[in-house]
Amino acid sequence: MPTAKPLAARLAHIPPTVFSEMSALALRTGAINLGQGFPDVDGPASVLAAAEAALEAGANQYAPGIGVPALRAAISRHQHRHYGLEPDPDREVVVTTGCTEAVAAALLALVDPGDEVVVLEPYYDSYVAMLDMCGARRRPVTLRAPDFRPDLDELRAAVTDDTRLILLNTPHNPTGTVLTRDELQVVADLAIEHDVIVVTDEVYEHLVFDDARSAEGHVPIATLPGMWERTLTLSSAGKSYSFTGWKVGWATGPAPLVQAVLAAKQWLTFTSGSPLQPAVAHALDHEPDWPRELARDLQGRRDLLCDGLTAAGLSPRVPEGTYFATTDISHLGWPDGRAFCLALPEVAGVVAIPTQGFYDDREAGRQLVRWAFCKERDVITEGVRRLAAADLSR
């Protein structure tokens with residue numbers, strides 16, 4: 001065994017993802033997992049059949065690194081159908097191994113050591129890991145409880161001529177905030193003024209609830225004037241179609257940005273699952289209404305969870321989109337959300353996710369906990385029953 005430390009310095013200070021830690025805790029304790037955001041039920045049967053047909057038809061060798069033509073064309077049609085965008089499937093679309101790889105490839109391709117990146121916090125934890133690996137200087141703009149909306153003056157102060165890239169996430173994980181057109185216009189104005197690239201993670205694009213849709217719902221920043229040419233839009237089939245384990249995602253945008261992603265992706269996974277790509281193409285083309293039905297169903301589960309959390313003394317902020325609701329536990333007497341979540345399986349037989357690790361401003365997230373409602377209704381009902389029956393105070 002070598003005497004030198006085996007872990008490279010770029011990784012040594014990055015802790016393991018909290019999602020794996022808390023899901024392992026749920027398995028170890030037999031607790032109900034209201035933490036990690038994976039659904040309990042698979043997506044459309046026709047998509048499963050399309051994957052099986054692709055396997056049997058011999059789609060089992062390397063796919064083109066950029067993605068199979070059928071999927072790239074389906075992604076282009078999806079962008080046009082929903083948003084009026086028309087990316088060229090041969091030059092302005094690349095298939096990735098989930099949106100996580102799309103984020104990694106985008107940052108590795110576009111950010112040099114020392115570059116400044118503005119990012120909304122709390123953030124999906126892979127953002128910070130990848131920014132650290134790139135050697136970027138992170139400039140967070142905090143979405144603060146209880147409303148979790150961006151402070152536009154803070155945003156204006158964060159974006160300067162030193163900014164290389166703005167990393168957005170809307171609908172936003174973990175807060176459930178859906179950025180409004182007016183908020184996105186401020187981002188767009190700043191990006192144009194300071195000549196900044198925008199990378200936007202939109203994996204929850206279709207999981208926006210009716211009470212948010214009345215206020216326009218999800219608006220891709222690439223649709224705003226002057227933004228297509230400087231925006232890289234990332235998404236995946238995992239959340240919209242309940243196939244999170246397939247890890248099929250994509251990036252769309254102007255050819256120079258998409259080719260930059262491909263330049264990095266070729267050295268990460270090179271290609272993504274061959275038989276799954278035709279199946280995702282089938283989903284986008286032949287099951288276009290399924291995500292909206294999923295959103296309607298999730299809205300009912302959201303309300304079931306939020307009502308149950310309120311009854312248990314954990315009043316949540318009701319999210320506008322995504323899989324998640326957030327509660328403030330400061331009134332319970334725990335030192336922080338992590339201590340609460342580590343004790344929760346024993347206290348109540350439930351697992352949740354502490355969100356303090358998703359902040360640079362640790363005080364802003366110290367007492368916040370994220371709960372997932374992408375679960376069967378009986379699982380949510382039993383989870384909140386356990387929470388209501390437990391003494392959650394320290």
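**View 1. Strand β7 and its two partners.** Valine 199 stands opposite leucine 232 of β7. The model is predicted: local features require pLDDT of at least 70 and side-chain atom pairs pLDDT 80 or more, whereas totals for chains, interfaces and linings use all residues. Residues are numbered from 1 along each chain as its sequence is written, and side-chain values use heavy atoms, with hydrogens and water left out. Strands (E, at least two residues) and helices (H or I, at least four) are DSSP runs numbered from the N terminus; two strands pair if DSSP finds at least two bridges between them. Strand β6 (residues 197–201) runs parallel to β7 and is joined to it by four bridges. Four bridges also connect β7 to strand β8 (residues 249–252), here in the antiparallel sense, with serine 235 bridged to tryptophan 250 of β8.

**View 2. Packing of helices α5 and α11.** Helix α5 (residues 98–110) and helix α11 (residues 255–265) pack at about 105 degrees, their axes 8 Å apart. Axes are lines fitted to C-alpha atoms, for helices over the stretch in contact, and angles between N-to-C directions run from 0 to 180 degrees. The two helices, α5 and α11, are therefore roughly perpendicular (65 to 115 degrees). Contact (heavy atoms within 4.5 Å) involves Glu101, Ala105, Ala106, Leu108, Ala109 and Leu110 of α5 with Leu257, Ala260, Val261, Ala264 and Lys265 of α11.

**View 3. The open four-stranded sheet.** The strand order is β9-β10-β13-β12, with antiparallel pairing. Strands β9 (316–317) and β12 (353–354) are at the edges with a single partner strand each, so one side of each lacks a neighbour in the sheet. Strands β10 (residues 324–328) and β13 (residues 368–372) share five bridges, and aspartate 328 has leucine 368 of β13 as its bridge partner. Helix α14 (residues 337–348) packs on the sheet, touching β12 and β13, at about 45 degrees to the direction of β13.

**View 4. The largest nonpolar core.** A nonpolar core is a set of buried Ala, Val, Leu, Ile, Met, Phe, Trp, Tyr and Cys residues joined through side-chain atoms within 4.5 Å. Among the 102 residues of the largest one, Leu232, Phe340, Trp371 and Leu387 touch the most other members. Helix α5 gives the most to this core, with eight residues.

How values were computed:
Angles under 35 degrees count as roughly parallel, over 145 as roughly antiparallel, 65 to 115 as roughly perpendicular and the rest as oblique. Buried means under 20% relative accessible area, exposed over 50%, partly exposed in between (1.4 Å probe, protein chains only).
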